[in-house]
Amino acid sequence: MAFRRTISQDELRSKMSDADREQHATEYSGTRGGWVKPEPKPTPGSGNGTRGRLFGRTK
């Protein structure tokens, strides 16, 4: 019977690719009940169609 060495979370994380790290990412949200997958954040300058709108009203 052999004993297994404990692998730290930092070591495991360093061996993951960026795509895997992003796929398994979670963030804590107390209002949503704990650890959940993050919602996609808007990127500046992406032009998502909200320019010129304020609280659902058009100018």
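Lys15 and Glu11 sit 4 residues apart in helix H1 (residues 9-15), so about one helical turn separates them. Their side chains meet in a salt bridge, with N to O at 3.6 Å. Lys15 is exposed, at 65% relative accessibility. Glu11 is partly exposed, with a relative accessible area of 24%. The model is a predicted one.

**Overall layout**

The protein has 2 helices and 4 strands. Along the sequence the order is α-α-β-β-β-β. Of the 59 residues, 5% are buried. The accessible surface comes to about 6200 Å². Carbon and sulfur atoms account for 54% of that surface.

**Salt bridges**

The count of salt bridges is 5.

| Pair | N to O distance |
|---|---|
| Asp18 and Arg21 | 2.8 Å |
| Glu39 and Arg32 | 3.4 Å |

Asp18 and Arg21 both belong to helix H2 (residues 18-23). They are 3 residues apart, about one turn of the helix. Asp18 is exposed, with a relative accessible area of 57%. Arg21 is partly exposed, at 32%.

Glu39 pairs with Arg32 through a salt bridge. Glu39 has a relative accessible area of 51%; the cut-off for exposed is over 50%, so Glu39 counts as exposed. Arg32 is partly exposed, with a relative accessible area of 45%. Elsewhere, salt bridges that share partners join Arg5, Glu11 and Lys15 into one network.

**The aromatic pair**

The whole structure holds 1 aromatic pair. The rings are those of Tyr28 and Trp35, with centres 5.5 Å apart. Their planes stand at 65°, so the pair is edge-to-face. Edge-to-face applies because the angle is over 60 degrees. Both partners are exposed: Tyr28 has a relative accessible area of 55%, and Trp35 has 61% relative accessibility.

**A buried strand residue**

Ser29 lies in strand E1 (residues 27-29). Its relative accessible area is 15%, which is under the 20% cut-off, so Ser29 is buried. Apart from neighbours within four places in sequence, Ser29 is in contact with Gly34 and Val36.

Technical notes
Residues numbered from 1 in each chain as written. Predicted model: local features only at pLDDT ≥ 70, side-chain atom pairs only at ≥ 80, totals over all residues. Heavy atoms only, no water. Buried < 20%, exposed > 50% of the residue type's maximum accessible area, 1.4 Å probe, protein only. Areas by Shrake-Rupley, 256 points an atom, 1.4 Å probe, with all protein chains shown as cover. Contact = heavy atoms within 4.5 Å. Phe/Tyr/Trp six-rings, centres within 6.5 Å; stacked < 30°, edge-to-face > 60°. Salt bridge = Lys/Arg side-chain N within 4 Å of Asp/Glu carboxyl O.
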